[in-house]
Structures are given as C-alpha cells and as structure tokens.
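User: I'm new to this one and would like a walk through it. Can we take it a piece at a time?

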Amino acid sequence: MGGDIGPRVTVPATCEVLAANPNISAVLLGDRDAIQPELANQPSSASGAIADRVTLVHCEHQVAMQDKPADAIRSKRDSSLKVGLDMLAGGEADAFVSAGNTGALVAMSVIGVGTMEGISRPAICTSIPTRNGHAYLLDMGANPVCSAEQLHQFALFATHMCTAMEGRKNPSVGLLNIGVEAI
C-alpha cells in the first residue's frame, strides 16, 4: 500500500469504496503492521458488512518511489505491486489499483499481465469528463521515442477503450501533447 502517504490514505479510501459498493470486495496488499492499525481506525471497519469484504495479504517488500523499474522487478518479488499483478494475471482479481511507483507498475504489468494483442508497448489510460460524456486520455510517458506504428497502436488502444466504455463506434483520436521530463 505505497504511494506518497500510504495506508493512512489508501485504507480509508478503500473503506469508502466498499461502503458505497456493497457488491465488491477488496484485497489490501502490503505491510500488515502499517495496514491493520489504519483498518482498525475506520468507523466502517466495525461494520461486519465491510470487514467481511476485506482481505489483508502481507507483503515483505515495498517498491519505493525512487526505485528503478528494473531493480524492482529483480529484487522486489514479494512487493504489493508484484503480488497484486500476479493476482490479476491469475484471475484472482478483476482490477488492480496502485498509488505507488508508476514506472515499476508499468514494467511489472508488461511482464506479468502482458499487453493487448497487436499492442507492443503499454500506456496508462484514464477517463476524463467532458461536456458530452468522457474522453480517454493515454499517458505514454514510459515511451519517449515511438514509431509511427506504435502511435497507431496507441490510437487503436484508445479507440477500443472508448468503444468498450462509451459504446461509440467510430471515436476520433488526436495527439494532445508531446512533452519532455527531466528523467
């Protein structure tokens, strides 16, 4: 349960989601000594309906925000990132949410979960509200140098996402920005 603040934020957020959605359950992955006190402090954790839908899985290792993705892959095999992605790949989870090291998450995802057929590189996709529904924004920051074919693949990825989520048959795709970061 990484991120900038860790369980102090992620545990209450998880409990709020569970309270609002009685049909889902959650697996909290990370250091049980950091997660259990936060879980015990939640007013909704006293409710059996929520407590019964939370499973805690202890993970020995933590991928720090400054860890390089390759180092995390090699040396953090029992991290919440790796364990969660293994659960996703094995069908034990339907979704995986992380507030941790994005580079390590993307690298571990490619290795452990894979990419869509015909897509050679990953991108992070999110839905953002617009006046007429939603737009799907891809962050391809892990891919600073892309070929025309790879940009085409990202456009296909966005198109499939928009069609699946919004039912739009022929969504338009545009290149919003090409930026540069110090790292």
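User: Let's start with helix H5 and helix H6: at what angle do their axes cross?

Analyst: Keep in mind that this is a predicted model. Two packed helices are described by the angle between their axes and the distance between those axes. Here H5 covers residues 80-89 and H6 covers residues 102-112, and their axes come within 10 Å. The crossing angle is roughly 35 degrees.

User: Is the crossing of H5 and H6 left-handed or right-handed, and which residues in H6 are met by H5?

Analyst: H5 passes H6 in a right-handed crossing. From the H5 side, the contact uses Leu 81, Lys 82, Leu 85 and Ala 89. Their partners in H6 are Ala 104, Leu 105, Met 108, Ser 109 and Gly 112.

User: How do the residues of that contact divide into nonpolar, polar and charged?

Analyst: Gly counts as polar in this scheme, and Lys as charged. With that in mind, the contact of H5 with H6 splits into six nonpolar, two polar and one charged.

User: Now the loop between H4 and H5. Is Ser 79 buried or exposed?

Analyst: Ser 79 sits in the loop between helix H4 (69-75) and H5. Leaving out residues up to four places away in sequence, Ser 79 touches Cys 59, His 61, Val 63 and Met 108. Its relative accessibility is 1%, and since the cut-off is under 20%, Ser 79 counts as buried.

User: Last one: how far apart in space are Cys 125 and Leu 138?

Analyst: Cys 125 is in strand S3 (residues 124-130), and it counts as partly exposed because its relative accessibility is 22%. Setting aside neighbours within four places in sequence, Cys 125 is in contact with Tyr 136, Leu 137, Leu 138, Phe 157 and Met 161. Cys 125 and Leu 138 are 13 residues apart in sequence, yet C-alpha to C-alpha the distance is 4.4 Å.

Definitions and conventions. Residues are numbered from 1 along each chain as its sequence is written. This is a predicted model: local features need pLDDT of at least 70, side-chain atom pairs count only at pLDDT 80 or more; totals for chains, interfaces and linings use all residues. Side-chain values use heavy atoms; hydrogens and water are left out. Axes are lines fitted to C-alpha atoms, for helices over the stretch in contact, and angles run from 0 to 180 degrees between N-to-C directions. Helices (H or I, at least four residues) and strands (E, at least two) are DSSP runs, numbered from the N terminus. A crossing is left-handed if the near helix is turned anticlockwise from the far one by less than a right angle, and right-handed if clockwise. Contact means heavy atoms within 4.5 Å. Buried means under 20% relative accessible area, exposed over 50%, partly exposed in between (1.4 Å probe, protein chains only).
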